[in-house]
Amino acid sequence: MLVRCGWVTADPLYIAYHDEEWGVPAHDDRHLFEMLILEGAQAGLSWITVLRKREAYRRAFAGFDPAVVARFRPARVARLLEDPGIVRNRLKVASAVTNARCFLEVQREHGSFDGYLWSFVGGRPLVNAFRSMAEVPARTALSDALSKDLARRGFKFVGSTICYALMQAVGMVNDHLVSCFRYPALAGAAPPPAAPSPSPPPVTPKGGAREPRGRARRPRA
């Protein structure tokens, strides 16, 4: 039986997201824009709610093409607010358009949003070694820095918790628990040793105690 992170429920959508996508390093700008918008849409909601609306979001937001979304006018936003397939929150919908315009500005400045985003971790995933969900943070100093810089650039719904969730989702950090079957592949290493016994001398576990948001940091279910 496969062991997964503790936030995964029996919902097939959750299982597929965890097994195939969460924590996998992503570098495609359109996908990064999609995750930026979806993580913002989750604010105050459970992640499964957003996953169930994902296909409707893709239809509503032009396949998450930031160049197209950036051109949405008030009439288009008004129609989106009548779409039951997405989260019909005026601020969230409007922020997607604002964020698309800011996204394009970052691309012009840095060549790609990917290059900009991954620069916060030096271009390589940060591999943690958490053994329980209680250790997984809701935010870090890096997510604070990313949040601050995105806000400075005009992005909306980019608080530090949202930014850390984005970092987890696109593989900038590997927060799969070490017991999870996905951990070794994404860590690029063999599974860590089993819990130490009284002899030989114990192995000091990695990671510090930090509070999760509800996933191995993933969703607030």
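Predicted model: local features only at pLDDT ≥ 70, side-chain atom pairs only at ≥ 80, totals over all residues.
Local features need pLDDT of at least 70 and side-chain atom pairs pLDDT 80 or more, while totals for chains, interfaces and linings use all residues. Residues are numbered from 1 along each chain as its sequence is written, and side-chain values use heavy atoms, without hydrogens or water.

Helix α7 spans residues 90-110. Helices are DSSP runs of H or I with at least four residues, numbered from the N terminus. From first to last C-alpha, α7 reaches 30 Å, close to the 30 Å expected at 1.5 Å a residue; the expected span is 1.5 Å times one less than the number of residues. At the N-terminal end, N89 caps α7, with a side-chain oxygen 3.0 Å from the backbone nitrogen of L91. G111 follows the helix and has a positive phi, near 90 degrees.

Buried residues (under 20% relative accessible area, 1.4 Å probe, protein chains only) of α7 include V93, C102 and F103. The relative accessible area of C102 is 12%. That of C180 is 2%, so C180 is also buried. The count of disulfides (cysteine sulfur pairs within 2.5 Å) is zero. The closest cysteine sulfur to that of C180 is in C5, 3.8 Å away, too far for a bond.

Aromatic pairs number 13. Rings of Phe, Tyr and Trp (its six-membered ring) pair if their centres lie within 6.5 Å; planes under 30 degrees apart count as stacked, over 60 as edge-to-face and the rest as tilted. Y17 and W47 have ring centres 5.6 Å apart and planes at 50 degrees, so the pair is tilted. This pair links helices α1 and α3, with its residues 30 apart. Both Y17 and W47 are buried.

Technical notes
Helix = DSSP H or I, 4+ residues; strand = E, 2+ residues; numbered from the N terminus. Buried < 20%, exposed > 50% of the residue type's maximum accessible area, 1.4 Å probe, protein only. Polar contact = N/O pair within 3.5 Å; in protein donor to acceptor, adjacent residues only side chain to side chain.
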